[in-house]
Amino acid sequence: QSWQALFQTHILIHNHRQIKKIEVSPEGDGAFAVVDIDTLWRRADGGTSHWKGRVCKVYTKLSSGEWKLIMHTGVLEY
């Protein structure tokens, strides 16, 4: 519902991503990715919301072989 509300009240101007690092656990069942993001939204009132910085996304590998995102940090600016 939260994402649906965001897309109903904002227009995505750009969504740039740059992967900085990917590490997989020695067992091959978990991983993380460090990603620099630059996402700009325009609100319905004309203002903007800019998400820019570095995030860490953590994944687990299911028994089916599929990778699932299980958590990520908030955007950190460096």
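**Figure 1. The hairpin of E2 and E3 in the predicted model.** Four residues lie between the two strands of this hairpin. Glycine 46 takes a positive phi near 95° here. Strand E2 covers residues 30-43, and strand E3 covers residues 48-61. The two strands pair in the antiparallel sense. Their pairing runs over 13 bridges.

**Figure 2. The hairpin of E3 and E4.** Five residues separate the strands of this hairpin. Glycine 65, in the turn, has a positive phi of about 95°. Strand E4 spans residues 67-72. E3 and E4 pair in the antiparallel sense, over five bridges. Lysine 57 stands opposite histidine 72, which belongs to E4.

**Figure 3. Tryptophan 3 and tryptophan 51, an aromatic pair.** The structure holds three aromatic pairs. In this one, the ring centres are 6.3 Å apart. The planes meet at 70°, so the pair is edge-to-face. Tryptophan 3 lies in helix H1, residues 2-9, and tryptophan 51 lies in strand E3. The pair therefore ties together parts that are 48 residues apart in sequence. How exposed are the two residues, tryptophan 3 and tryptophan 51? Tryptophan 3 is exposed, with a relative accessible area of 55%. Tryptophan 51 counts as partly exposed, at 29% relative accessibility.

**Figure 4. Tryptophan 41 and tryptophan 51, a tilted pair.** Centre to centre, the rings are 5.6 Å apart. The angle between their planes is 55°. Tryptophan 41 lies in strand E2 and tryptophan 51 in strand E3, so this pair ties together parts that are ten residues apart in sequence. Is tryptophan 41 buried or exposed? Tryptophan 41 is buried: its relative accessible area is 3%, and buried means under 20%. Which residues do the ring pairs link into a cluster? The cluster consists of Trp3, Phe7, Trp41 and Trp51.

**Figure 5. Lysine 20 and aspartate 36, a salt bridge.** Side chains of opposite charge can pair when their charged atoms come close. The structure holds five salt bridges. In the one shown here, the closest N and O atoms of lysine 20 and aspartate 36 are 3.8 Å apart. Lysine 20 sits in strand E1, residues 10-24, and aspartate 36 sits in strand E2. This pair links distant parts of the chain, 16 residues apart. Lysine 20 is partly exposed, with a relative accessible area of 42%. Salt bridges also form a network: Lys20, Asp36 and Arg54 are linked in it.

**Figure 6. Lysine 21 and glutamate 23, a salt bridge.** The two side chains meet at 3.8 Å, N to O. Lysine 21 counts as partly exposed, at 43% relative accessibility. Glutamate 23 counts as partly exposed too, at 34%.

**Figure 7. Lysine 68 and glutamate 66, a salt bridge.** The N to O distance between these side chains is 3.4 Å. Lysine 68 is partly exposed, with a relative accessible area of 38%. Glutamate 66 counts as partly exposed, at 40% relative accessibility.

How values were computed: Residues are numbered from 1 along each chain as its sequence is written. This is a predicted model: local features need pLDDT of at least 70, side-chain atom pairs count only at pLDDT 80 or more; totals for chains, interfaces and linings use all residues. Side-chain values use heavy atoms; hydrogens and water are left out. Rings of Phe, Tyr and Trp (its six-membered ring) pair if their centres lie within 6.5 Å; planes under 30 degrees apart count as stacked, over 60 as edge-to-face and the rest as tilted. Buried means under 20% relative accessible area, exposed over 50%, partly exposed in between (1.4 Å probe, protein chains only). A salt bridge is a side-chain nitrogen of Lys or Arg within 4 Å of a carboxyl oxygen of Asp or Glu. Two strands pair if DSSP finds at least two bridges between them.
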